[in-house]
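Let's take a friendly walk through a protein model together. Have a look at the sequence and the structure, and then we will go through some of the contacts step by step.

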Amino acid sequence: MSDLLELSIPWWEIVLRGTVVFFVLMVLLRLSGKRTVGQFTPFDLLVLVLLGDAMQGSMIAGDESLQGGIVLTATLMGWNYILGFTTSRSRRIERLVEGRAVVLARNGHVYGRALDDNRIGIDDLQEAMRAADCASFGDLRLAVLEKDGHISVVTGRRH
């Protein structure tokens, strides 16, 4: 019972470890692209769960106390709040953390480089087109990879 309430490492070390892991994972997820976090496949979900499991030991360093879990959770939630607060007030930080929307296609012309740069297959674009009732590339006015990884499609024939 006493192990439940006693920290095996100092609280500040848990905060430091949690902070480092939070930002390392944020950078890695940011580098992996919008599609990694935008639309989960079963593989993406598996990777996310395994990331959490792999990094858990780095954050808590063997401390299995109730207090350690609370300190770590408060640290991660705190950084999440701080980033949400700062991104809502600074366009520069918002772009750094969340990225920008990317035009994938316009007026029936698909930008292959934009698809490649964002690791999106033509089948992903066509799936988004079908969801928007866009039958052909000729009906496609605009396709945008949003910051959250979702592909938005605007339809309508060109004049």
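In this predicted model, let's start with a pair of charged side chains: Lys147 and Glu94 meet in a salt bridge, with 2.6 Å from N to O. This pair links distant parts of the chain, since Lys147 lies in the loop between β3 (140-145) and β4 (151-155), while Glu94 belongs to helix α6, 53 residues apart. Lys147 is partly exposed, at 32% relative accessibility, whereas Glu94 counts as buried at 15%, because buried means under 20% relative accessible area.

Glu94 has another partner. Its side chain also meets that of Arg91 in a salt bridge (3.4 Å, N to O). Arg91 and Glu94 are three residues apart in helix α6 (residues 91-98), so about one helical turn separates them. Why does such spacing matter? An α-helix has 3.6 residues a turn, so residues three or four places apart point the same way.

Arg113 is exposed at 66% relative accessible area, and Asp117 is partly exposed at 48%. Elsewhere, salt bridges that share partners join Arg91, Glu94, Glu98 and Lys147 into one network. The count of salt bridges comes to five.

Finally, look at helix α2 (residues 11-32). Its buried residues include Ile14, Val21, Phe22 and Leu25.

Methods. Residues numbered from 1 in each chain as written. Predicted model: local features only at pLDDT ≥ 70, side-chain atom pairs only at ≥ 80, totals over all residues. Heavy atoms only, no water. Buried < 20%, exposed > 50% of the residue type's maximum accessible area, 1.4 Å probe, protein only. Helix = DSSP H or I, 4+ residues; strand = E, 2+ residues; numbered from the N terminus. Salt bridge = Lys/Arg side-chain N within 4 Å of Asp/Glu carboxyl O.
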